[in-house]
Amino acid sequence: ELKRGTGRGGGAASDRMLGFLKEPVVVTAKINVSLVALTVMGLMSRLWRLCYPRAVVFDEVYYGQFVSLYMKRIFFVDDSGPPFGHMLLALGGYLGGFDGNFLWNRIGAEYSINVPVWTLRLLPALAGALCVPLAYQILAELHFSHCAALGAALLILLENSLITQSRFMLLESILIFFILLAVLSYLKFYNLQKHSSFSGSWWFWLLLTGVACSCAVGVKYMGLFTYMLLLATAGLHFWHMIGDQNLSNVSLLCHFLARALALIIIPMGLYLSFFYVHLALLYRSGPHDQIMTSAFQASLEGGLARITQGQPLEVAYGSQITLRNVLGKPMQCWLHSHTNTYPIRYENGRGSSHQQQVTCYPFKDVNNWWIVKDPGMQQLVVSNPPRPVRHGHIVQLVHGITTRYLNTHDVAAPLSPHSQEVSCYIDYNISMPAQNLWRVEIVNRESDTDVWKTILSEVRFVHVNTSAVLKLSGASLPEWGYRQLEVVGEKLSKGYHQSMLWNVEEHRYGKSQEQKEREVELHSPTQMDISKNLSFMAKFTELQWKILTLKNEDTEHKYSSSALDWITMDTNIAYWLHPTSGAQIHLLGNVATWASANAAALLYLCLSLWYLLRRRRRIYDIPEDAWQLWMAAGGICGGGWAVNYLPFFLMEKTLFLYHYLPAVTFQILLIPVVLQHLSDHLCRELWAG
């Protein structure tokens, strides 16, 4: 009977299977036709005739250089922001088979046949097109009507400044896309909070919020403004959850950890990954690596690496070295001396020691070589085995070509009278004895017994007699000093400013005691085989610091503007001019849209203040749910405009109209918010009255 039962069960199963095969498979799906239509129109408006003009348009001349460097794997530093946006533009070049060979030297230059213009402009155009359906969904998630959401999307679709910016190899449309994606993702996550906490979709939208925020910051640091807004919003919402007595302490802790993971830890990790990929791609030496430290330069293929590869790692007594100033400003330079002496009297009448000049020279030169000498011994060669120099050791630095000792004394420096003159000592048989002992202090040491290392160690040289520190003042000497940079002994040295730090860049173990043989040795390359590479975190820290602190000299641009000019539309930018037909492309806002956005923002502010005053008097003009909706929309749309606009009043940099585009995008979303509110409440009350 057991078998018969099994047979009947198996037969029923087979009947069901046959029945399933006889019936058609039906899949049902809900399609928002309006959303699809908006997406198609967005794509058409941004992609139609994307290759026109086939010439360099405005800042394409700037970003195109970085795309070419990516194609050639050459390292660069851009002080305008992180590398993710540049990598996306380079991806377009890679997809189009671009070899990087194009001279990005002027706006309006015709693109050569090897430049894939369509793919280079594709990703910004796609990002700009997708901003249209994102605008629709943001208003829908804020619980506004279909009509209001449709209006917001159409305003973004038809805004000519956004269309113009999206159609070229520029970053603003990509930035706005990630900003809007982050806002939409957070709203979807928040709306799932009430009934689907910790579900798959809840996690998806929470994680996507963090990813989109990280991508926005990775494109431009302006994305940080919206990221901070969303973090503040998430913090406020979590504060309200703390007051919910229905949630246990364990549940609150889980919610907090989930938000910390998705909105802080993952974005930080993703941000680091942008730099990891950037540094992995750009492994070759180029013109920009000169501003990096010697250790960073030595990690790149070619350039300094060709010189430093195979150098001894540990500096020893008798080592022949070049010393590079760590600061790198106003330019990279090496400790240098030559046979010329300081003038007996300077132009201002002050006297000098008339000793041999010591400067910082911005070029490779045989006069940059110094020999590390043990004060207790006469030899200028490395012993066998080598005796390494450690933190705190006393050394003398002997100029390789002139064999004079680095010296400082109580004589005012030529251009920095409050500091001591640094020279190479010449014995004039007068009452000015040599003072040439220096204590080596390794600033980035791990212990007080650390060995002085090539490239890696950043050292201070402290004068034993006067406690002055060897420092680059940065001042340029007059003609008698060949316009080289002044080096001084800083008597009142507090902290470890980079101008006081030096690192060994080129290094060899000296073998020749005779001067003639030593000069030949100084001109020859090193041959020993020791190498050292920086870790990723060390390279990231240095590159990030350079991006944040390296500032090009801001000059007035023909099309630069102030933040106040943007809301009054008293500015535009001529992007391109046809050389013969006179056709032009300008970045200019839609007058009707921008004026309406300004009016909506002003009206929102006035109504909010009015409602707040009335609510303080226990007078409630609108229902509580309408008030919460009004405040939520204002926090996202009005807050998004404020955080992306107001900081520019505090910035000391050259500003352009395109800096306002993220802010005006949020302001445009405020137009249907205010219109629906007026229609639902004020106008209805007037009609009812």
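Visitor: Are W566 and Y645 buried or exposed in this model?

Guide: Buried means under 20% relative accessible area and exposed over 50%, with a 1.4 Å probe and protein chains only; by that rule W566 is buried, and Y645 is buried as well. The model is predicted, so local features need pLDDT of at least 70 and side-chain atom pairs 80 or more, while totals for chains, interfaces and linings use all residues. Residues are numbered from 1 along each chain as its sequence is written, and side-chain values use heavy atoms, leaving out hydrogens and water.

Visitor: How many aromatic pairs are there, and what is the geometry of F225 and F648?

Guide: Rings of Phe, Tyr and Trp (its six-membered ring) pair with centres within 6.5 Å, stacked under 30 degrees, edge-to-face over 60, otherwise tilted. The count here is 44 aromatic pairs. F225 and F648 are edge-to-face, because their ring centres lie 6.4 Å apart with the planes at 80°. F225 belongs to helix α10 (residues 223–242) and F648 to the loop between α18 (624–645) and α19 (661–688), so this pair ties together parts 423 residues apart in sequence; both F225 and F648 are buried.

Visitor: What kind of aromatic pair do W566 and Y645 form, and where do they lie?

Guide: W566 and Y645 form a tilted pair, with 6.2 Å between centres and 55° between planes. Helices are DSSP runs of H or I, at least four residues, numbered from the N terminus; W566 lies in helix α16 (residues 563–568) and Y645 in helix α18, 79 residues apart, so that distant parts of the chain are linked.

Visitor: Which residues do ring pairs link into a cluster?

Guide: The cluster joined by ring pairs consists of F225, W566, W594, W641, Y645, F648, F649 and Y660.

Methods: Helices (H or I, at least four residues) and strands (E, at least two) are DSSP runs, numbered from the N terminus.
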